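The entries are kept in the order in which I looked things up.

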Amino acid sequence: MIPFVIDGQPVEGKEGGNVLEVALDAGIEIPHLCYHESVKSYGACRLCLVEVVRRGKSRMTTSCTYPVMEGIEVLTRTEKVLRARRMIIELILAMCPGDKLIQDMAKEMGVQEVRFKKEDKDCILCGLCGRVCDEVVGANAIQFAFRGDRREMIPPFQGEAMSCIACGACVIVCPVDVIRMKEEGDERTIVRWKRTLKMKQCKVCGNSFAPWFQLEKFKEKAKLPKDFFDVCYTCRT
Amino acid sequence: MRGVTEGKMKIRTKDDLEKIKEKGLESLYPKTTKVSVGMATCGLSTGAGKVYEVLQNGVEKAKLPILLGQTGCIGFCQKEPVVDILEPGKPRVFYQGVTPGRSMELVQKWLDNKVVEDLLLCKMEREDWIVEGTTKDYTVRHLPGGIDGTPHYHQVPFYSKQLKIALRNCGFINPDLMDEYIARGGYFGLYQALLGMKPEEIIEMVKRSGLRGRGGAGFYTGSKWESCRRSKDDRKFVLCNADEGDPGAYMDRSVLEGDPHSVIEGMIIGAYAIGAHEGFIYVRNEYPLAIQKLRIAIHQAEEAGLLGENILGSGFSFHVDLFRGGGAFVCGESTALMASIEGKVGEPRAKHIHTTESGLWDKPSNLNNVETWNNVPVIITRGADWYSKIGTEGSKGTKVFSVVGKVNNTGLVEVPMGITLREIVYDIGGGIPDGKKFKAVQTGGPSGGCIPESLIDLPVDFDRLTEAGSMMGSGGMIVMDESTCMVDVAKYFMSFLKDESCGKCTSCREGTKRMHEILNEISEGRGKLEHLDLLEELGWVTAEASLCQLGGTAPNPVLSTIRYFRKEYEEHIVNKRCPAKVCQALLHHRILSNVCTSCGRCAKVCPAEAITGKQRTKKEKGKPFKIDPKKCIHCGMCFEACKFKAIEVE
Amino acid sequence: MENSEVDTIIKQYKGKESAILAILQDIQSKKKYLPKEILEQVSQKMQIPVTHIFRLATFYNALSIKPRGRHKIDVCLGTACHVRGGNKIIDKLKRDLGIPVGETTKDKRFTLESVRCVGCCSLGPVAVVDGDVYGRLTQDKIPALLKEFK
């Protein structure tokens, strides 16, 4: 375990870990949007900024990407850090004024007004949905496209996400809840990715339990027998 | 393509090099009269290709005793196409602005021992061979008629204060002929390094020379090499950043088009010093000619055994590959460049761990700019002491600048560090055209800032420029006069940066977007004084919170223009006026009724149908035309069309 | 583009994943843009997710997922050209062609793009049409210039 200090408090992190996860574990609040323990740190939102003092030099950096190192001193609430975080949340709020989480975070950080022309986007471009789809699920159905202020998280060719298996992982991981999943009859739709898939019914209880496409993909990937998913999980156990 | 090294001979010993040098010298200074046309992009875009064609046909048809050659850019791009004639016993003459129609005139007159006086740029009686530190004398015995009064190359104001190290061969060799590169000292530095020096000695020499990166960041090259050498890995990379993305900067392009071997030689030496056996040259996609020349040069070096296994019998092996960029300014950033080579998008990554420890494919990598690599062979042959005597305390050597914009002599100049901006703009650049007044010079591209008249005596030096709120950058130097609007310049750079941002970091993506938005408001008359404070705040967070230096330096153009030209911003905000008459929404176009001749041209070209009046005919006098301010879109077409200066712009 | 043509291009780079940008550029220089079907083919052949290829195709300026016109106009928006009135040239072209930057005219005759620094700064403002450089442009020269291209 590697010892270092956060806000004067001695902490420990394992090799290869990052400062943010150690802080959160130790009960130290650092606001963050694009960090999730199930995927690699990315450092897009810039909210988790902290000042790290190392070998006498201080620099401002994102805590989710800063590696745990012996002897560093991390400061999570300096004047500089708070000023930066306030501006960043204001910028995100100006982009997505309707997102409740962002509104709450902004209020908490003391942002009273938005001094920029408000847009009407909902996606905060944290990338979590795409990263989870790539790294955890392996469906590679959605990813960032375009560049700069035209950057978007979309299915390829802005159409239907053809590799999406409608597992719902992106729905769960989205911090601002803008990916909706709905089920109507025997169909499940991930609305944002325009993906509607027919559900398979359990041979025993008759309930729709998972999309055909998803189950076929699992069988293919894990080389499972043809009838493996004929009975739903509940009925099997 | 002539040349001894065409597919046959491998260079193994110094003797081999000397033999090729002899061949190269014959090629450079043949007994027959040689006519060379500058065929770099600047030349080609002004018609040099046609000039060459005309000469080729003319010489062939009349079976004239003339050899035709091609060279790269000699730097004075304003005067392209440039053609030079070299005959033993006579001074070399350089012609400027040569049109296809007049090219044969140059040759015919020369054969008659005369020059075409009105097209002469200068004459030359000796050449500096900077790699060897010697001079090649032309031993002039005859003077062609009409040449008196022509200045020497070294007397031409554009050239007199220059010291060409990086541009040493550009315009003097045919880049497709490796023999000519070797004839002027090329690859002798490599020989000296590989067979006469240990890697640590080379690094020590580069450190002592004081060479700093020429791409913009200005890191001490020797230290960078040292830290890469220290990294323990049996696979390392040396990389060349030829993704010259600063708009208005084309120094690297000229080196690659006119002297590609200089970069290759530098990289082999560096690779040897660092312990790398693989390299990449990342060239901007928008430079097709540079890519072509590099491919030829790499092939030639490979054929000659200067690239590949056991170079010069030293036991050291090194391969270099070309990588074409995809058109993204952010790929000039070192980690984004490496991501791009790996087949990903050019998104930078955190640099807590330096790329010299973990870079391309997580291997120790040393990235340097074209100009940096190109300086290395000369440092080897001339020594660190010689190099460190040039320049200032903190900035050794020379720097190539592209001097463009509102200046008389546009082109590439290479000057010792420490020269003042005034000397560059006025002595070398020839001052501002049309009698206008100097306003500012923008250095460092989109990462830099504008330096006003009050600081024009600033010495050009990494640290001095940074102190003034700008930076050296890659070397772009855009001269601006009273008809340039600084608000517009800031808006222009922000537009560029928000387009080129990779978009990952909220602070950069949203920061540049909002700064651009506010600058747009100001330029369209909707600015508020609070906007200036807001711009400074946005600038602060964009620089402090972003991951890479695109975001890190993005606010510079805005903050430096506010710092030095605040009054101009206030004029836009408070009085809704653009003093430089650039911001279209703030302009008022008016026809002066007492000057107007009622010719009607303006009304014909007006896209908004905003101009009405009675056109004069042979029989009737017309009535002066009027612009309807409500319909006018301020495009300025009427102003361009009017031959009587009857349109006033305010 | 034939399946086999795509195969040939991929083979040239020995199917290396890191060569994907070069592969896309080579396809683009043959087809003038990157059609969806071809990108899907490349994805399959190289086992790279379509999302990644689409991301590359939309990130880099050199690549286009939109079909291009018969003639491509690249107006230089480099600093030197801008300072000499480059944006007036772009505005004039936008008006005369009736399209914004990045789009193609309905009759597929012209595609209007902007480029940052062609490197002919002494000739500014500059536009490159079908690879040829046209310098020292003024708004009134545009109609004649456009006429040259069918």
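Entry one, chain C against chain B. I looked up the contact between these chains and found that it takes 35 residues from chain C and 41 residues from chain B, where two residues are in contact if their C-beta atoms, placed from the backbone, lie within 7 Å. On the side of chain C that touches chain B, the elements giving two or more residues are α2 (20–31), α4 (50–59), α5 (79–83) and α6 (86–97) of chain C. By class I noted 17 nonpolar, eleven polar and seven charged residues on that side of chain C; Ala, Val, Leu, Ile, Met, Phe, Trp, Tyr, Cys and Pro count as nonpolar, Asp, Glu, Lys and Arg as charged, and the others, Gly among them, as polar.

A note on reading these entries: this is a predicted model, in which local features need pLDDT of at least 70 and side-chain atom pairs count only at pLDDT 80 or more, while totals for chains, interfaces and linings use all residues. Residues are numbered from 1 along each chain as its sequence is written, and chains are lettered from A and ligands numbered from 1 in the order in which they are written.

I found seven helices and four strands in chain C, with helices (H or I, at least four residues) and strands (E, at least two) taken as DSSP runs numbered from the N terminus. Along the sequence, the pattern of chain C reads α-α-α-α-β-α-α-β-β-β-α. Chain C is divided into domain 1 (3–59) and domain 2 (71–147), bounds that come from an automatic or database domain assignment, and the C-alpha centres of these two domains lie 29 Å apart. The C-alpha trace of chain C spans about 50 × 30 × 25 Å along its principal axes. Of the 150 residues in chain C, 48% are buried, a residue being buried if 20 or more other C-beta atoms lie within 10 Å of its own, exposed if 12 or fewer, and partly exposed in between, with C-beta atoms placed from the backbone.

Among the buried residues of α20(B) I noted B:H531, B:L535 and B:L538. What covers the buried residues of α20(B) includes β3 (49–54), β4 (57–62) and α2 (79–95) of chain A, together with α19 (506–523), α21 (549–553) and α22 (556–574) of chain B.

How do α2(A) and α20(B) pack, and at what angle? I found an angle of about 105 degrees, with the axes 10 Å apart; axes are lines fitted to C-alpha atoms, for helices over the stretch in contact, and angles run from 0 to 180 degrees between N-to-C directions. That makes α2(A) roughly perpendicular to α20(B), because angles of 65 to 115 degrees count as roughly perpendicular, under 35 as roughly parallel, over 145 as roughly antiparallel and the rest as oblique. The residues making this contact are A:A84, A:M87 and A:I88 of α2(A) with B:E537, B:V541, B:E544 and B:A545 of α20(B), and by class they are five nonpolar, no polar and two charged.

Entry four, helix α4 of chain A. I looked at residues 128–137 and found this helix mostly covered, with seven of its ten residues buried. The cover over the buried residues of α4(A) includes β6 (143–145), β7 (152–154) and α5 (169–173) of chain A. Just after α4(A), A:G138 takes a positive phi of about 80 degrees.
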